[in-house]
Amino acid sequence: MKKRMVSLALCLGLLGSLGSGMVAQAEEEGKVINIYVWNDEWQNKFNANYPEVDSTSKDKSVTYLKDGTEVHWIINPNQDGVYQQKLDEALVKQADASADEKIDLFLVEADYALKYIDPDVDVAMPISELGITADDIANQYKYTQEAVTTADGEIRGLSYQATPGMLVYRRSIAKEVLGSDDPETVGAAVADWDKFYETADKMKEAGYYMYSGRADTYRVYSNNVSAPWVDGFDVVVDPNMMNWVDRSMEDTENGINHKVGGQWTDEWNKDMGPDSKVFCFFLPAWGLDVCIKPNVTDTDAAEDWAVCPSPQSFYWGGTWLIACRGTDNPEHLKDIMLKMTADTDILRNLAVNNGEMSNDQPLMEELAESPDFGIDLLSGQNYIGVLSEAAANISLANVSPYDQGCTEEFQNAFGDYFNGVIDLDTAKANFETAIHERYPELAMGTVKWPE
Amino acid sequence: MKKHKGVSYAKWGYIFILPFFLTYAIFSLIPLVDTIRNSFYTYFYSGLKVVGPTWAGLGNYKELLSADLPKYAWNTFVMWILGFVPQICVALLLAAWFTDARFKIRGKQFFKVVIYLPNLIMASAFAMLFFALFSNTGPVNNILVSTGVVGEAIRFMESTLGARSLVALMNFLMWFGNSTIMLMAAIMGINPSVFEAAELDGCTQSQKFFKITLPQIRPLLTYTLITSLIGGLQMFDVPQILTNGQGAPDRTTMTLIMFLNKHLQAKNYGMAGALSVYLFVISAVLCFFVFKMNTDSDPDGSKAAAKRAKRAKKGGLA
């Protein structure tokens, strides 16, 4: 009985989809824009800033534009590759999907952007096909364009942000332990790793933790490697990654960090909260708004933060908008991509309201000099100055399409080692198992560990 | 010869059962055959590009055996048995109490509903709840630390024993109610006059339980054991959610289905197919036993009696 009902429902569903498909094809520009994202960060920025937005549905899953077009948001979490999995499934069906079901725009992160901009798989439309010219995006940081430029010289995505990293610290703890919360003083106390650990010892003596957990320092090490993760089918573990392992183990044993197992967890959020004893976090500009702010809004720690340069430069993340091959809304996409990544007014709003390091070099340089610019979270400190030099020096030369998997599996495998459950060799073996499981083609090669 | 012209209703029978066989073929049989076919090929996605399918023979099967398959089978078994032993013990105890006419427990229906309730919660939601409860800064640790039971928070999910015990505890909580109700039905099927007679002869409670109840419900106990074993073989949602799909720590809570899921996530259809075939074979063997038990080919015991007689005859001749 149940099965018969299912088959009946399927038949009805099939009829329904046929009907809607026919209606949609009659239109010039599609009535529905499907956007794949992994959280509501960009969705909120879009709803708040895109001038054509009229209203949103109650559950926020649909944004209505003024011309009646509906923007449908399809959200799948990034963790464990779920977002990529769902996106891949939809991309495979893209050719057969009805116009309203086709993906029009999707977002990618630096860790796996290369997988999607590959011209051979051809799912990312070059921006030139949308009619976006080099002049339109002249103000953007060059690295954000180079990162998504393919061998044929085409740019296949646009970003609204630059993501150099910085050290975000608590003013109250700095005052108590270092005697001052001034970014210059604190910056000098963490100017390199030696000084950073001198300060860390002081923090420990005063009963504080220098940082939250090993995942916080991970990017600082993984961005300063000498080669990409994968060479052919071989996974090459950089010596600097083993430096991270050694240092993290030492810090965990010495109580320099708070032994938090990962990021985006409840524990990590609590470490950013008002009752925490953790001194600093390694974050890019978007971290101010996305990570710290939600944990301290309306508490004593709401303005207890300041930023200074990290002991070693790094970047984290970066989100690119990619127009999907097969879209029926090229005109809308051109406008959305240009407005959201190259419109100076909107980018200024993102910087002022969201603490974003916007992808507009002259604007950022102007804001860096501006005495009026500052955000409440940092007690009015102008953080752009700290970042603008670092932003100009970012290079994504050492990324590979496998970075998200390598990053997650490396941290997972060695997490057990830091927790004292397994020894180093078992952790290495577990990493090899996990990475070969996740990327079957890499099982054809080996994992090379530094001497 | 006169041809008999009757109305054949048989074809309507076939037409009416056709939808089932059609849906079964489309949604079960074809995928099943496809899975078995895939298991002999090297066939996966590298990014968005397809690799294969190329013939690999039994390569996938061999690789799985030489890799970690036995380890994950062991993990699954350990977590199942850790949950099953308390589950069956508690269920037996509760079933015996609830069915005993002497106890006159009030609100029996209420308790039956309450112990069954955890089974109604979605396993993933249940696992999320436990993940929050037993996290390093969660309520359980808060209570333990603030009452001074432990000095520092217990990091449950970071030790093998802790993580496995949590999974077992959840499985136990979810399924003991179900077993209780099944066993109650079995016990109530025993003729009450047997108990009465035993009581008249001065039988104690424990004698009653071990000498009458247990032997009488043995077939149902075996059934519970095997269905639970099949269920345990498919254990997936609880450890998956509790460990974020990692089977942490040191892959000791990685079950067979989580392992299968890893291959499916990697779009490694060949390897996932081979693993599925292994699981299919094990499940089939277990199902065979259930089937054997449920289809009684000797309802009145005459066949067994004949056998015994035959054997006795043989013995007598020799």
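Author: Axes are lines fitted to C-alpha atoms, for helices over the stretch in contact, and angles run from 0 to 180 degrees between N-to-C directions. Helices are DSSP runs (H or I, at least four residues), numbered from the N terminus. This is a predicted model: local features need pLDDT of at least 70, side-chain atom pairs count only at pLDDT 80 or more, and totals for chains, interfaces and linings use all residues. Residues are numbered from 1 along each chain as its sequence is written, with chains lettered from A and ligands numbered from 1 in the order written.

Take chain B. Helix H3 (residues 69-99) packs on helix H10 (residues 218-233) at about 145°, axes 10 Å apart. H3(B) passes H10(B) in a right-handed crossing (the near helix is turned clockwise from the far one by less than a right angle). H3(B) brings B:Thr76, B:Trp80, B:Phe84 and B:Ile88 to the contact. H10(B) brings B:Thr224, B:Ser228, B:Gly232 and B:Leu233. Contact means C-beta atoms, placed from the backbone, within 7 Å. Four of these residues are nonpolar, four polar and none charged. Nonpolar covers Ala, Val, Leu, Ile, Met, Phe, Trp, Tyr, Cys and Pro; charged covers Asp, Glu, Lys and Arg; the others, Gly among them, are polar.

Now the domains of chain A. Domain 1 is 27-162 + 318-368, and domain 2 is 165-314 + 375-448; the bounds come from an automatic or database assignment. In chain A, 20 residues of domain 1 touch 24 of domain 2. On the domain 1 side, helices H4 (113-117) and H16 (361-369) of chain A each give two or more residues. H16(A) gives the most, four. That side divides into 11 nonpolar, four polar and five charged residues.

Note on methods
Two residues are in contact if their C-beta atoms, placed from the backbone, lie within 7 Å.
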